[in-house]
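Please work through the exercises below with the sequence and the model at hand.

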Amino acid sequence: MKIKASYTNEPFWKESNIHSKLPEELKALDEIVHNLWWVWNYEATDLFAHIDGELWAGTEGNPVLLLQRLSYKRLEEMTKDKALMETIHKVHAKFRAYMDEPKRTDIPSVAYFSMEYGLTNVLKIYSGGLGVLAGDYIKEASDMNVDLTAVGFLYRYGYFHQSLSIDGMQVADYEPQRFEHLPIRQVLDENGLPLLLEIPYNNFNVRCHVWCVNVGRVKLYLMDTDVDANSEWDRAITAKLYGGDNENRLKQEYLLGVGGIRLLNRLGVKKQIYHCNEGHAALINAQRLVDYIQNEHLSFNEAMEAVRASALYTCHTPVPAGHDYFEEPLFSKYMSRFPAELGISMQDFMDMGRAEPGSNEKFSMSVFALNTCQEANGVSFLHGEVSKKMFAPVWKGYFPCEMHVGYVTNGVHMPTWAASEWRKFYEKHLGGELYREQSNPAFWEKIYRVADEEIWEVRKTLKHRLVKYIRESFKDNWLKNQGDPFKVVSILEKINPNALLIGFGRRFATYKRAHLLFTDLERLSKIVNNPEKPVQIIYTGKAHPADGGGQGLIKRIVEISRRPEFLGKIIFLENYDMRLAKRLISGVDIWLNTPTRPLEASGTSGEKAEMNGVLNFSVLDGWWYEGYREGAGWALTEKRTYDNQQFQDELDAATIYSMLENEIIPLYYAKNGKGFSPDWIQYVKNSIAQIVPHYTTRRMFEDYTERFYGKLAERSGILSANHFAKAKEIAAWKENVAENWDSIEVVSLQFDDKLLKGFEIGDTVKASLVLNKHAIGGDLGVEVVRIHLESETLKIFKMNLDHTDGSKANYSLELKASEAGPFRFGVRIYPDHVDLPHRMDFAYVKWVQV
């Protein structure tokens, strides 16, 4: 036998973690790092950087990982460093004072559901604006000390890490999160073991571990299906944010809605308001209906009254195609047990998600949310108006302008997004009440008293910080994907903090029109290559892996940025995340936004820029439609000149070039002997004083409370009192009306002859109507609807109920003509009840033949 020179089998490895054990004197640090309060308190992040600056940077700002990787020697040194220990105790004392304040009782309690939360770059459970908005919102709930609990998912892979190939194509890498390295705690059961939540999925169960993120005073519970007891397919439910096929999306939304409510039930959490952040969470109301029927012994219709009265749906999407729809066979596969538990048919259940009940439409999560939530809102004034038109098919008897759909314009969490330099500046010049008064415009007017030089110094500091960050953070990646090290060095050398810096950072969807500046490359080249007035443009953003158009835009911009005339003048920064976003929105001079109008629901990156003295240049869409103030930024009109989008793009591009050449660049470079433009600083002051206070999450939360939470809590309390007596009364009335609606008889309808022949301004027109309600109990309302055919304006005139005779009701109306022009008149009947919150709550309408 010949002996081999080498022979071995494959090694077997088992992973183990060895991390630092904190001495008793440093236990306060462990409490701080496991609460995301540190994210928006610079005293804490300054402390972490002081403990070990190099390690802090190496962990990408993750304090849990920082503590785990500290050497024993460094821990010993820390306990003996009196100044450091004093700082630790000071930061911990501030944290405990914040945490120990009692919860407010003047704002209703809220359960909040969202598919994603952008809280910190360390916790990768967000993809973009929707998640960052949700994260900012629950941070504000914490600062306002509201009794709010949030629910979401702990994704193993989160959203993708973006890099660029050598030819400029986006490369999406999904990097697994190590949960033990994150600022989260696993929820334990009564026996001290990891809580295992079982969620029934029709004929099988999915098991979830549950994790808790302490977001200041708010608890965010995250479900995680990466559990050994689950099948491979079910473990993937929480693998990736917006990952997988349509079936996996349904399984995710089922888990968020049905599983989210069952989780809160398991934890004993009950709230007054249930808030769906987008239609993804709509199925919370399916489970809530079941709970009311099983636990409170209500009928389906009674349970619906209780559910609707305490539910709010916030829509972030401006086009129907952006909503989630599911085919009936797929939807039935997961929801077929619900009709039996609700006491209705599968057809009835499907119809709750259809704008046209009885049709073969797909099930729409948004329509289901509208039908099971009393209130609904868009996320800016303009988006609210767009949403009314988008959702009009759900309530066909009414016109979009009559819809109950409201709006609350999104805001941003100022302590998170204002750079620490600005926060210290604001605290010094505006006063210690800054955070309580941040939505008070009068408070911010103090900025006008501050010397221009001080504002310019902050702006200059942040511009230099951005350039330093780019040079340090992107050099290695660029060397890998640019192919030419000399080009990389040239780019790094050409980045100029003294140039006018324009930033563009957002999701690369085609409607965002990132390409607009490249419509005329020759003209753009002259703008960025003016040696006396240099301009540099910094782009960043991710395209969804399935969005070929968005990825093509990124490739195009990268290709242009590598041309000799644009090298170092146009820069694309890969892997846009919260850390890069904060650097960019505080370090540029102009924040550019060029969406196709009216497809920007709100947008919040420009609001973040405002907090940092950065001026907006944007289409009047989303929040900027309301936010723009002359002398505090620049705007492209919201009005379209061309139906052809290419022509509109060319016009908008030409307008941008012209405004840059003739207004913005000359204003920036009108510098005095101190090296800055006083007129530019006046713009900055105007933007801070006149815009910032209106676009904080403090104002946003106050609006939600005033417009929705307060009235929902009040009505819900009334309906649930005395074992849901009022809910039962309203449900019985609706059942009676619905059963007898078709029996309504118009006995007579009379109008003055002059209505048909024409009449003059000042003339009075009379109308009368006699109805036989037959078996319908309660009142019916009757209205004359008038549409001006030229202006397309709508006016409603309610007819007076003069008297009743048994089941007959007599109505009359006198109209005095006050406008000239062609009109269309119609008459409609509707159920009228004092306890209805609005007409869409029971949208039965009968149009009378006139």
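This is a predicted model: local features need pLDDT of at least 70, side-chain atom pairs count only at pLDDT 80 or more; totals for chains, interfaces and linings use all residues.

**Exercise 1. Describe how helix 11 packs against helix 29.**

Solution. 
Step 1. Locate the elements: helix 11 spans residues 300-308, and helix 29 spans residues 697-740.
Step 2. Consider the geometry. The two helices pack at an angle of about 150 degrees, and their axes are 8 Å apart. Angles over 145 degrees count as roughly antiparallel, so helix 11 is roughly antiparallel to helix 29. The crossing of helix 11 with helix 29 is right-handed.
Step 3. List the residues. Helix 11 contributes Asn301, Glu302, Glu305, Ala306 and Arg308 to the contact. The residues from helix 29 include Leu712, Arg715, Leu719 and Phe724.
Step 4. Sort them by class: the contact of helix 11 with helix 29 has seven nonpolar, one polar and seven charged residues.

**Exercise 2. Determine how helix 9 is oriented relative to helix 10.**

Solution. 
Step 1. Helix 9 and helix 10 (residues 284-295) pack at an angle of about 50 degrees, with 6 Å between their axes.
Step 2. Helix 9 is therefore oblique to helix 10.
Step 3. On the side of helix 9, the contact is made by Leu256, Gly257, Val258, Ile261, Arg262 and Asn265. Helix 10 supplies Ile284, Gln287, Arg288 and Asp291.
Step 4. By class, the residues of this contact are four nonpolar, three polar and three charged.

**Exercise 3. Characterise the aromatic pair of Tyr254 and Phe338, and then that of Phe508 and Phe572.**

Solution. 
Step 1. A pair of aromatic rings is described by the distance of the centres and the angle of the planes. The structure holds 51 aromatic pairs.
Step 2. For Tyr254 and Phe338, the distance is 6.3 Å centre to centre and the planes are 80 degrees apart, an edge-to-face pair. Tyr254 lies in helix 9 (residues 246-267) and Phe338 in helix 13 (residues 337-342), so the pair links distant parts of the chain, 84 residues apart. Both Tyr254 and Phe338 are buried.
Step 3. For Phe508 and Phe572, the centres are 5.9 Å apart and the planes stand at 70 degrees, so this pair is edge-to-face. Phe508 is in the loop between strand 15 and helix 22, whereas Phe572 is in strand 17, 64 residues apart. Phe508 and Phe572 are buried.
Step 4. Ring pairs also link residues into a cluster, among them Tyr201, Phe204, Tyr254 and Phe338.

**Exercise 4. Decide whether Lys685 and Tyr830 are buried or exposed.**

Solution. 
Step 1. Recall the cut-off: buried means under 20% relative accessible area.
Step 2. Lys685, in helix 28 (residues 678-690), has a relative accessible area of 5%, so Lys685 is buried. Beyond residues up to four places away in sequence, Lys685 touches Ile447, Tyr448, Val450, Asp452 and Ile455.
Step 3. Tyr830, in strand 27 (residues 823-832), has a relative accessible area of 2%, so Tyr830 is buried.

**Exercise 5. Identify what covers the buried residues of helix 2.**

Solution. 
Step 1. The buried residues of helix 2 (residues 42-51) include Tyr42, Ala44, Thr45, Leu47, Phe48 and Ile51.
Step 2. Their cover includes helix 1, helix 3, helix 4, helix 5, helix 6 and helix 18.

Technical notes: Residues are numbered from 1 along each chain as its sequence is written. Side-chain values use heavy atoms; hydrogens and water are left out. Axes are lines fitted to C-alpha atoms, for helices over the stretch in contact, and angles run from 0 to 180 degrees between N-to-C directions. Helices (H or I, at least four residues) and strands (E, at least two) are DSSP runs, numbered from the N terminus. Angles under 35 degrees count as roughly parallel, over 145 as roughly antiparallel, 65 to 115 as roughly perpendicular and the rest as oblique. A crossing is left-handed if the near helix is turned anticlockwise from the far one by less than a right angle, and right-handed if clockwise. Contact means heavy atoms within 4.5 Å. Ala, Val, Leu, Ile, Met, Phe, Trp, Tyr, Cys and Pro count as nonpolar, Asp, Glu, Lys and Arg as charged, and the others, Gly among them, as polar. Rings of Phe, Tyr and Trp (its six-membered ring) pair if their centres lie within 6.5 Å; planes under 30 degrees apart count as stacked, over 60 as edge-to-face and the rest as tilted. Buried means under 20% relative accessible area, exposed over 50%, partly exposed in between (1.4 Å probe, protein chains only).
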